[in-house]
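This report is written for a reader who is meeting the structure for the first time.

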Amino acid sequence: MLLIRCPWCGDRAESEFSCGGEAGISRPLEPNALNNADWSDYLFNRTNTRGAHKELWNHAAGCRRWFEAERDTVSYVIKRTYKLGQAN
Amino acid sequence: MARLQINRLEEGGCIDRSKPLNFSFNGKRLQGFAGDTLASALLANGVKLVSRSFKLHRPRGIVAAGAEEPNAILQIGRGAETLPNLRATQVELYEGLEARSTKGWPSLRFDIAAINDRFSGLFGAGFYYKTFMWPKSFWKHYEAFIRASAGLGNAPTEADPDHYEHRNAHCDVLVAGGGPAGLMAALVAGRSGARVIMVDDQDQFGGRLLSQRDRIDDMSGKDWVQKVTTELSTLDNVRLLPRSTVFGYYDHNFLAIAERCSDHLPQVERKGVRERLWRVRAKQVVLAQGAFERPLVFCNNDRPGVMTASAVSTYINRYGVCPGQRVVVFTNNDSAYTAALDIADANINVVVIDSRVGGAGSLGKVVRARDIPVLQGHIVTDVVGRKHISRVRVAKWSGDTEAVVENSINIDCDLLAMSGGWSPAVHLHSQSGGKNLWNAQSLCFEPGESIQANFSAGASNGRWQLSDCLRDGLRAGLEALKRCNLTATSIDAPVVEQLDDYNIEALWRVPAAYDADHCSKQFIDYQNDTSVADIRQAVREGYQNVEHVKRYTALGFGTDQGKLGNINGMAVLAECLGEDIPAIGTTTFRPAYTPVTFGVGAGKNVGLLFDPTRKSAIHDLHVSAGAAFEPVGQWLRPWYFPKANEDLHAAVARECIATRKSVGMMDASTLGKIDARGPDVVKFLERIYTHNIGKMRVGRCAYGIMLGEDGVLMDDGVMARLGENHFYLTTTTGGAANVLSWMESWLQTEWPELDVYLTSLTDHFSTIAVAGPNSRNVLQKIGCDAELAHDAFPFMSVQDTILGGFPVQLFRVSFSGELAFEINIDSAYAADMWQMLVTAGTEFDLTPYGTETMHVLRAEKGFVIVGQDTDGSVTPVDLRMNWLLSKDKDFLGKRSLERPDCIREGRKQLVGLLSEDNETVIPEGTQLLDDPSASKPVPMCGHVTSSYFSACLGHPIALALVSGGHKRKGEIIYASLADGSAIPVKIVSPVFYDAKGDRQSA
């Protein structure tokens, strides 16, 4: 049971959250301009990182806000969490 | 009866001799004392044989005194209260306790399957894999045999009548284990004001101090424990949890504790919660669970009467029981000398066999001074006595494991106390992610660097002397405080009169005395009958990895999870492979540390509280009307409304005909409802839905679908434009929460620039669908402010109005294909509205109907249900919904509709099916075949998704997904039925009724 810091609510148990997978996947602005390979890459392919990983989380049973977390996929240590667009 | 406690010492122990307790074992009435465990009471009564082993059904007795006990696994209690697989060493005795062995048929003493032992050569490593695999069809017989003969206890057949609960807690310092190290850590943390939880699996704190006769600060160890626990219990910031086990150490310092609240009480005195699960988030954890004493590996080392030396000390010092009158102590280290002294002080004969040529240190001198015989450089090679030890064979030994040893001496005895050294209980450290390091001097795995916020201390940190344990506990407490940024109160480690030393020398297995068969009786894992021979065989057959050897030989399986035997097993494996023990590594330690009950895991989440049941605001009226209900997700919905003796089919036929002929009414409140508004709401919905939103006029409705980015149909529903920038969206019953989350995720993560607000109205509003040619007349009868005529209130429009005196949102939409209205009303008034309609509808034969009739009516019209007629592969094109797909804009999933897989030939497409015999209702899920006579496996071309008997049409109808189905209208294919037959069906349009749609637009 991870302990996750929601940027709005503070430390909460993992059971209040749902994970949205890898962060930083932007929807292509013009999907029709993409060939099949590029569109499939957006749809299906993820980096499946071993180690430091930026991912989206949703405080689903709380404030319902989405935010980003930097989590180590090996140690499960969450280095930090932050509101969307406030990575730096 | 108390005099029958033949092994009870005259004095000593933490038992109350003034409180005798009656109990029974396998039906035999026995007596013990308050303070006994079931194990100590059995030993006091001279009970030697407690169970049969798992595979060979060898007689077994009590080996240990704690959680590591592998043999005394008993069934406690009876009826619904019974608990299987409890370790007698951890069961507190209470008045009326009933205990039974779970193995041995027809009885424990005369066990027919013990014949297995005579043929143990047939039952080697991998026996189950090799023997029971052929012929395959016999597995069901084998399984029954294995279950019956393996028999690890019986689960109660009745529902559990007890209460369990879960509780969350936070603390600064969690101390796992209340022995000397744990007590010191808790004491310094508690005095310093930290929020402390201290947990111990026994009824009393103290750990080894209850089992040994140590002196601390000039008082007995037991008095010191009393002093410390008394102080801790007065501190408000300290919570003591005895009878509790930290069984799991999870991520981010989250630990699970099972507290046994009432199992130690007689049945009649049990009240309230039986067990409690503590879910604790600790800032820091001190791991002080102690250590396990290892057995020595010699021939027939599993005979009843062979115990660990520390267990013998525990039974003498804590329970006033000596389980034998003539005792041999067999050791490879100093610690068992303490047991020899305990035995001698109980005026019982004892001989020490020490494998070390050099013998023991300072303790050896004390033992010798007491005239206790000590044979240094000797080993026990074999045990005589089947159901109980009567003699040991002892041989001289120089330390060479390959040397064949000649038996030289026989010693008569009825108890063998062995010590093969100690293994720290590193389980929780390992569960937390920490590695274990081999200590070549202490010959054990010790906890390595902490990965999470914890400190190991005491014996579980490889500290063997009491003074070291106390100091180590204090250190761990101080470090934990520092990490919590708390100021520590100064405290000194207590003074201990120190004698004990360790000086272990390796003796992983005693050299086999006569032949190879000998080592098949050298047991490593008692519960699973894993012997030295099994490990050797596994290596011969090519197994090298410790995890594989574990699974092949069953080493470390079972309720004790290898607490006793694992290290010995790894050492023997290392020897076979010619490697060092650390190179072999350990198997993985997983929760639970000791078995936990299903009850404590479930807590209060059982029965009605397992999952919430959602009921509409009109539910009680449906109950009064005699509706049959069906669960739809969490909702409980009326399924059909039977009259008199009607069954489902009769009721549905009547409801369907009444609706098409006159008027029917359904509670559609479970539909998901979302209010969407804001300056950018049109822009937003254009991206979510596939049709053109901007072209919708205010006051009009539209059927809308949304796709996942993969182009698969995700949800559908009717939407209404209530204002320029205000929409009302409905979703499927099951999709309500997902659709809202889906929309919000896009708004927050991808399009934060859009100014849109989404609000769920699902529970706020109730929905009543009134459908049929007379629906307009019913509404007019109760009085509607709005003009209901077709031109004034056209199909697919919405108006805010007053109906029957209530403010409503009135939709003219239809999921039945009939002239129909959906009344959206504040849930507070919904039941009144329903009742008013029932009354007004009498003259029109207004017929309430449930989900089944709704399904039939919509299927007659070819309307799909997302999730029933579609799955995770179906696109709107497969459903012929191309007309809904806007060409003028982008929307989620649009690009995917052009993916090669979505445009290939032969995709499964929605069609209607008619049984050629005009009477068979094909079961939903039936596979469809082009050619039933094709060679097996017969290729399938599709499957049936919806299938009903249509009373209105007088024949069965079905919807199906058929490969290339849109171009195959009129073709005959075959439905493969469960009896193996295949019947012909014709592919037709999925719209069976009123194909032009005149009725809904009437």
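In this predicted model, strand E9 (residues 196-199) of chain B sends B:Val196 and B:Met198 one way and B:Ile197 and B:Val199 the other way, and all of these residues are buried. In a regular strand the side chains alternate between the two faces of the sheet. Strand E9(B) pairs with strand E8 (residues 163-176) of chain B in the parallel sense, over four bridges, and B:Val199 is there the bridge partner of B:Ala176. Four bridges also join E9(B) to strand E12 (residues 238-241) of chain B, again in a parallel run, with B:Ile197 standing opposite B:Arg239 of E12(B).

Elsewhere in chain B, five strands form an open sheet in the order E2-E1-E7-E5-E6, and the pairing within this sheet is mixed. Its edge strands, each of which pairs on one side only, are strand E2 (28-34) and strand E6 (83-87) of chain B. From one strand to the next, the twist averages 40°. Within this sheet, strand E5 (residues 73-76) and strand E7 (residues 97-101) of chain B run antiparallel, and B:Ile76 has B:Ala99 of E7(B) as its bridge partner.

A barrel is also found in chain B, where six strands close in the order E44-E47-E46-E45-E48-E49 with antiparallel pairing. Strand E45 (residues 927-929) of chain B is joined to strand E48 (residues 972-976) of chain B by three bridges, and B:Leu929 stands opposite B:Tyr974 in E48(B). Helix H23 (residues 851-860) of chain B packs on this sheet, where it touches strand E46 (940-950) and strand E47 (955-963) of chain B, and the direction of the helix makes about 120° with that of E46(B).

| Strand pair | Bridges | Sense |
|---|---|---|
| E5(B) and E7(B) | three bridges | antiparallel |
| E8(B) and E9(B) | four bridges | parallel |
| E9(B) and E12(B) | four bridges | parallel |
| E45(B) and E48(B) | three bridges | antiparallel |

How do the axes of helices H12 and H14 of chain B cross? The axes of helix H12 (residues 532-540) and helix H14 (residues 566-577) of chain B come within 10 Å and cross at roughly 45°, which makes H12(B) oblique to H14(B). The crossing in which H12(B) passes H14(B) is right-handed. H12(B) brings B:Val532, B:Ile535, B:Arg536 and B:Val539 to the contact, while H14(B) brings B:Gly569, B:Val572, B:Leu573, B:Cys576 and B:Leu577. Sorted by class, this contact of H12(B) with H14(B) has seven nonpolar, one polar and one charged residues.

Chain A has one helix and six strands, which follow the pattern β-β-β-α-β-β-β when read along the sequence. Taken along the principal axes, the C-alpha atoms of chain A fill a box of roughly 45 × 25 × 25 Å. Chain A has 88 residues, of which 12% count as buried. Among the contacts in chain A with a separation of 6 or more, 50% are accounted for by residues 24 or more positions apart.

The contact between the two chains takes 19 residues from chain B and 19 residues from chain A. On the side of chain B that touches chain A, helix H20 (residues 736-749) of chain B gives the most, with four residues. By class, that side of chain B has four nonpolar, five polar and 10 charged residues.

Definitions and conventions:
Residues are numbered from 1 along each chain as its sequence is written. Chains are lettered from A and ligands numbered from 1 in the order in which they are written. This is a predicted model: local features need pLDDT of at least 70, side-chain atom pairs count only at pLDDT 80 or more; totals for chains, interfaces and linings use all residues. Two strands pair if DSSP finds at least two bridges between them. Helices (H or I, at least four residues) and strands (E, at least two) are DSSP runs, numbered from the N terminus. Axes are lines fitted to C-alpha atoms, for helices over the stretch in contact, and angles run from 0 to 180 degrees between N-to-C directions. A residue is buried if 20 or more other C-beta atoms lie within 10 Å of its own, exposed if 12 or fewer, and partly exposed in between; C-beta atoms are placed from the backbone. Angles under 35 degrees count as roughly parallel, over 145 as roughly antiparallel, 65 to 115 as roughly perpendicular and the rest as oblique. A crossing is left-handed if the near helix is turned anticlockwise from the far one by less than a right angle, and right-handed if clockwise. Two residues are in contact if their C-beta atoms, placed from the backbone, lie within 7 Å. Ala, Val, Leu, Ile, Met, Phe, Trp, Tyr, Cys and Pro count as nonpolar, Asp, Glu, Lys and Arg as charged, and the others, Gly among them, as polar.
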